[in-house]
Amino acid sequence: MSSLLTNTSAMTALTTLKSINAQLDATSNRVSTGQRVSSAADNAAYWSIATTVRTDNASLGAVKDSLGIGASAVDTAYNGLNSILSDMQNLRAKLQTALQPGVDRAKVQVEIKAIQDKMKATADSSTSSGQNWLSVNSAATNTSFQSKPNVVAGFSRAADGLVTFSTIAIDVNAIKLYDLNESSITTAATAGQVYGSTSLTGTAAFRPTSATDAGTADFSGANEVSFSLTLGDGSTAKILLNKDTLSSAAVNLKRVTTTELINAINNQISADTSATPLADKVKASLDSTGRLTFSTTAATKGATGQVTIVNEPPSTGNVLVDIGFGVGTATTDARVGKGTDAGTAAGRGILDTKDGTFSISTIDISNLVGTTGDTELSKIITQVERALAKIADAGTKLGANKTQIDGQKAFVDTLMKANDRTIGTLVDADIEEESTKLKALQTQQQLAVQSLSIANSNGQNVLSLFR
């Protein structure tokens with residue numbers, strides 16, 4: 001009987017020791033790795049989510065690097081433009097000095113030539129990561145030239161796993177100062193666009209001063225919007241928005257939102273079944289200031305992409321409301337947005353494009369004399385003023401790109417930190433708690449070893465009685 005009790009005690013002590021050792025191994029792993037879920041075996045769901053978020057963070061890291069490279073290229077071009085802008089101002093001052101009677105224009109030309117050489121050198125050296133946007137060669141034979149290089153600015157993963165990247169396009173043709181390409185370049189056709197006079201939520205129909213209904217319009221009664229859209233190719237459609245036509249598009253006719261209104265307009269455009277339908281040719285949306293906008297699509301860009309909006313009379317018993325295009329007669333309130341056809345433009349840059357017989361880069365006043373020379377010099381100064389305005393505009397475009405890139409970099413950084421916190425919540429261990437638990441388990445292990453030793457020695461003592 002004593003032997004049985006002894007064996008039972010030993011087995012209990014051994015089972016306890018095994019359990020403590022298993023817990024000790026798990027806790028030691030958490031302390032050493034800093035994670036409570038380090039493999040799928042620990043928690044399959046958490047491990048899977050954390051792995052996906054880590055993958056997304058790796059992609060965001062690449063996006064951040066791309067933004068850094070893009071920011072460097074933009075900064076380089078921007079600094080080059082700023083330097084050349086100062087040189088252009090200096091050039092203008094020299095030309096104005098040359099207008100004064102008695103000035104030796106040949107000597108002034110020496111200074112002008114130095115400024116021209118400096119501007120060219122600045123543009124040629126404004127290179128970052130192999131990219132130069134100020135001094136280019138847009139010839140078709142130069143396959144490395146990109147007229148609109150894209151800076152990767154964002155990454156997103158859809159529920160079905162589809163990965164998409166957003167980009168920021170840099171319009172090199174709008175900022176280049178020098179271009180080796182002497183032939184013309186093709187310009188893309190533009191869309192026709194017509195805008196409302198004010199933001200949609202700022203119109204009286206959308207009750208901007210209401211404390212409870214601001215930003216929504218009431219179409220439950222007699223209020224109505226009625227107008228027609230016509231394109232340059234002759235296709236036309238009438239848009240009618242009232243309680244009958246909006247009943248299926250709005251959740252609450254007393255509080256119709258701008259989104260519901262725009263969706264209803266686009267639905268009517270898509271449902272147009274006239275002889276020359278507008279479907280897929282024009283689309284309603286809000287611009288950056290919230291104005292209702294009608295834009296022709298890619299299929300109707302160019303001269304045929306002209307879009308005209310004309311107010312129509314209300315239905316019997318209804319009252320017209322203004323959504324940015326007035327409520328007057330068709331004759332007085334027609335608005336037209338014209339697109340432009342694809343065409344060609346000079347292939348040169350701002351400073352080497354000829355205006356007549358010369359460009360900024362080839363100005364030479366050394367032989368300008370007399371009244372004729374003064375007239376020609378005045379023309380040169382006028383051209384310099386135009387070039388200054390274009391360079392300032394190019395700087396504005398680059399400045400906007402820089403602001404956009406810097407803002408995106410900050411957002412991506414914040415997103416990566418949020419993802420890190422998500423991963424930490426799912427898989428990270430509480431080191432203080434696990435360390436305390438480790439010490440406790442080590443103590444329990446020592447006690448379990450002693451208990452097992454005692455149980456084993458008791459068995460030997462019992463057996464000695466039978467010797």
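A salt bridge is taken here as a side-chain nitrogen of Lys or Arg within 4 Å of a carboxyl oxygen of Asp or Glu. The structure examined is a predicted model. Side chains of opposite charge can pair when their charged atoms come close. Under the stated criterion, Lys 402 and Asp 406 form a salt bridge, with an N to O distance of 3.5 Å. Both residues belong to helix H6, which spans residues 370–427, and they are 4 residues apart, about one turn of the helix. Lys 402 has a relative accessibility of 27% and is therefore classed as partly exposed. Asp 406, with a relative accessible area of 34%, is also partly exposed.

Across the whole structure, the search returned 17 salt bridges. One of the pairs consists of Asp 213 and Arg 255, whose side chains meet at 2.3 Å, N to O. This pair links distant parts of the chain, its residues being 42 positions apart. Asp 213 is located in the loop between strand E8 (193–199) and strand E9 (216–217), whereas Arg 255 is in the loop between strand E11 (236–241) and strand E12 (256–257). The relative accessibility of Arg 255 is 34%, so Arg 255 counts as partly exposed.

A further salt bridge involves Lys 417 and Asp 413, whose closest N and O atoms are 3.4 Å apart. Because these residues are 4 residues apart in helix H6, about one helical turn separates Lys 417 from Asp 413. Both are partly exposed, Lys 417 at 47% relative accessibility and Asp 413 at 24%. Lys 64 also takes part here: salt bridges with shared partners join Lys 64, Asp 413 and Lys 417 into one network.

Helix H6 also contains Asn 419. The relative accessibility of Asn 419 is 16%, and since buried means under 20%, Asn 419 is classed as buried. Its side chain makes a polar contact of 2.9 Å with the side chain of Asn 57. When residues up to four places away in sequence are left out, Asn 419 touches Val 53, Asn 57 and Leu 60.

The largest cavity holds about 70 Å³ of space. Its lining is made up of Glu 224, Val 225, Ser 226, Phe 227, Asn 311, Leu 320, Val 321, Asp 322, Ile 323, Phe 325, Gly 326 and Val 327. Strand E10, covering residues 223–231, supplies the largest share of this lining, with 4 residues. Sorted by class, the lining comprises 7 nonpolar, 3 polar and 2 charged residues.

The position of Asp 280 is in the loop between helix H4 (258–270) and strand E13 (282–286). With a relative accessibility of 67%, Asp 280 counts as exposed.

Technical notes: Residues are numbered from 1 along each chain as its sequence is written. This is a predicted model: local features need pLDDT of at least 70, side-chain atom pairs count only at pLDDT 80 or more; totals for chains, interfaces and linings use all residues. Side-chain values use heavy atoms; hydrogens and water are left out. Helices (H or I, at least four residues) and strands (E, at least two) are DSSP runs, numbered from the N terminus. Buried means under 20% relative accessible area, exposed over 50%, partly exposed in between (1.4 Å probe, protein chains only). On a 1 Å grid over the protein atoms alone, a cavity is a set of points where a 1.4 Å probe fits but cannot get out, and a pocket is an open set with protein on both sides within 12 Å along at least five of seven lines; lining residues have an atom within 4 Å of a point. Grid points are joined across faces, edges and corners, and a volume is the space filled by probe spheres set on the points. Ala, Val, Leu, Ile, Met, Phe, Trp, Tyr, Cys and Pro count as nonpolar, Asp, Glu, Lys and Arg as charged, and the others, Gly among them, as polar. A polar contact is a pair of N or O atoms within 3.5 Å; within protein, one must be able to donate a hydrogen and the other to accept it, and residues adjacent in sequence count only if both atoms are side-chain atoms. Contact means heavy atoms within 4.5 Å.
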